[in-house]
Amino acid sequence: MIISEKMKAAQAIAEALGPVQIISVSKFVKVFYVKSKDIYVIPLRGHIQQYKNSPAYKKWNARDPREIITNPDAIRRFSNDFAGPYISALEKYGKICSLCIIGTDADVEGCSIGMIDALPFVKQVNPSIRIKQLWLNDLSQNSIVKAYNNLIPPKWSWAYSGDARAILDAIIGFSATREVSLTLKPILKKIGVGFTSIGRVQTSLLYLLYLREHLIRNFVSKPFWSLSADLALKDRTIVATHLKNNFTDKILAESIYNKIKNAKDAYVVSIKKSSKKILTPTPLNTSKTLVLITKILKITAKDALKTLEDLYLNKIISYPRTDSDVYSKTYDHLSILQKFLIHNTYGNYVKTRFRLKKVNPRQGKVDAGDHSPITPLISLEPTSPKFENDLQKKVYDLISRYYLALFGDPAEESDTKILFSIKEEEFISRLSVLTDQGFYSIAPFLSKKYDAPLDFFDQLSSGKDSNKTDSTTKTHLGTLPVKKINFREKGTQPPPRYNDSSLLKLMERKNLGTKSTRPSIIQILIDRSYIERKNRMIFVMELGFLLMDALKVIWLPFLDPKFTSNVEMQLESIRKEKKQMKEVVKDVKDEFLILFDKFRQEKPNFLSKMNVLEQTGNITRGRDNLIISNKKVFVPNKTRPDSSKNYKYSTALCPNCKKNPMKLVINRDYTKKFFVCDNCNTFLSLPKKGTPKILKSKCLICGFDVVKITRKVRNNSYDYYLCPKCWNQGLKEKTNEGFCSKCKDFTIENGKCVKKKEYP
DNA sequence: GCAAGGTC
């Protein structure tokens, strides 16, 4: 048996090894059987287990949060709720196989998924099974066959490194989140916030945002003065700035201004022209793609990643989570390019590529050995029904154009520096002109803004072929009339606010989070009311600001990204077998325990600083209408984590007021489930156990939406159906009605309420 | 109620 990390990889592995037979082990999980080799390839869904607090520590008040660090039994591994069918498959095939091959992704998390999450289930049913590892650099058939013929001993140290990461994140996160939340409980209650989370990555990121916010809030603008000249050139105006700009000495600047303000002519002293080639871009890894999409389409990182995933699942682009920007030598670019030949918009560009035989892409530098760079797999017109929404079209367009640009010619720009003399004062004007658009023709969004070409200066530089000249210097070449001399007072500006695009870059630079988690880390800070987005800019809210302000005197070593990079170094030493996992977990725990105790010591100071929140009742900043002093509870719904967009609604109207559809409310741990009417607050309760889903069909008795309830019992799941309205009626009247299976006249067929067939 | 990391 081969254990794989995901469905797509399982299928690719199986198909590379021989003809495949698909075995459905549950509604959604398939196992791929390669009959010729008698191999079962079993997919997983990433991690199938996670660390949680053991039952004794489940309640926040039950035990001292400090024990989460000191008591090794405080956290335990639990199977995820979707893991049932995967575990069943591991057990079923574990029993009948003699060799178990770990074929998860070739990285630390992949090893931990295969060996820590999945393998124990196999070993439990078959303790003597042999274990090997399939080390895959990509999912091409060649690589898979090669790796299969060269199985390696399992890389345990890699798996332990990942496991240590998970343990430390859980211990640090759970203990600190509880300790800080419980400390702030009275204050948080008053400002309507449930808890304040602390984590290795999110807290470092919040600290960096706090530092920037601090700079911006405390920024004092300093004045400076600038001199510039508007010069007339035919019907255009070109602007030249004083060579000594900017002036901090107002008197000096003013005296120059007075000297030249009535000048009529600007003498061209010299023209320097140089040209520069701009290389085609390098292939797209996840990080680059997220930065590109958020920047060009001005959407959030979360939406960008979601759209990439959707395009991938619809087989429109390749796997979107990769650290590589190098294609393997055997990557079949030709067949992709050929698909684009007939494209209405990109077709001509691609034809030219074939004509010029430019069919090899520019390569990047990093081959992380995971997946190929992000690549369009098919050629789609914007009208294609395969797109589910407008955003998918736009993202596909960006990725396709970018990919095609890898085969493009370099672009070329010319940079012209013109030095003027205005009454002996030197002024300079810089012009940047695109002289050869090269790959920008297919990917114009990669281009910076250029000036319109000015052939005037080409004539001035006496007819030399400027394209081939790197630098030409001419003196006293003529004059331009001065339209106006400008003398302006300006002020220094604070550093800019982060947006999703620059924040992703920051996280990459500071090595915070991974390609897959960065967008969700940003989202967590928003959900916690630590930060908010306004006009795509990130603002730190009062809660986040004060928290960092108060914590920085106690926890600086933890807030600094150096903490997480040190942890990562330690994890590396496990991977490289220089240190034992136990040793590293102990060291980091000890280090954090000292900080934890320091927090306890400083609690009174911390609390008094955070009390400001309570006094002003203000967790936000910059939204004037929300700053209400001396009111204890004010937090409007808007500043709370807004999950409203995730709500599902019934199509039927509220049976009471008949004005609104009803909102399906499910809280995070699925303990509360009900329909509620936003208008009249009417409730329809739902069964306590199981996950409800609104079906597209309506109850033929009352007209309300039929709901499917999925129940999971141990490793199995089953569905049943009910009508919430009839069911609530049944509860009230104790008639036990509303279950579709017990309905006299109707039944559910293919998810639809239909009349029962009558049998004569 | 909590983290960060995978993934449908």
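**Aromatic rings and the charges above them**

Good morning. I begin with Arg217, which lies over the face of Phe545, 3.8 Å from the ring centre. A charge is taken to sit over a ring if NZ of Lys or CZ of Arg is within 6 Å of the ring centre and within 35 degrees of the ring normal. The charged end of Arg45 likewise sits over the ring of Phe82, at 3.9 Å from its centre.

A word on the basis of these values. The model is predicted, so local features need pLDDT of at least 70 and side-chain atom pairs count only at pLDDT 80 or more, whereas totals for chains, interfaces and linings use all residues. Residues are numbered from 1 along each chain as its sequence is written, chains are lettered from A and ligands numbered from 1 in the order in which they are written, and side-chain values use heavy atoms, without hydrogens and water.

I turn to ring against ring. Across the whole structure, a search finds 26 aromatic pairs; rings of Phe, Tyr and Trp (its six-membered ring) pair if their centres lie within 6.5 Å, with planes under 30 degrees apart counted as stacked, over 60 as edge-to-face and the rest as tilted. Tyr210 and Phe545 form a tilted pair, 5.0 Å centre to centre with 55 degrees between the planes.

What is the relative accessible area of Tyr210? The value is 0%, and Tyr210 is buried, meaning under 20% relative accessible area, with exposed over 50% and partly exposed in between (1.4 Å probe, protein chains only). Phe545 also counts as buried, at 9%.

Tyr312 and Tyr319 make an edge-to-face pair, 5.1 Å centre to centre and 80 degrees between the planes; both are buried.
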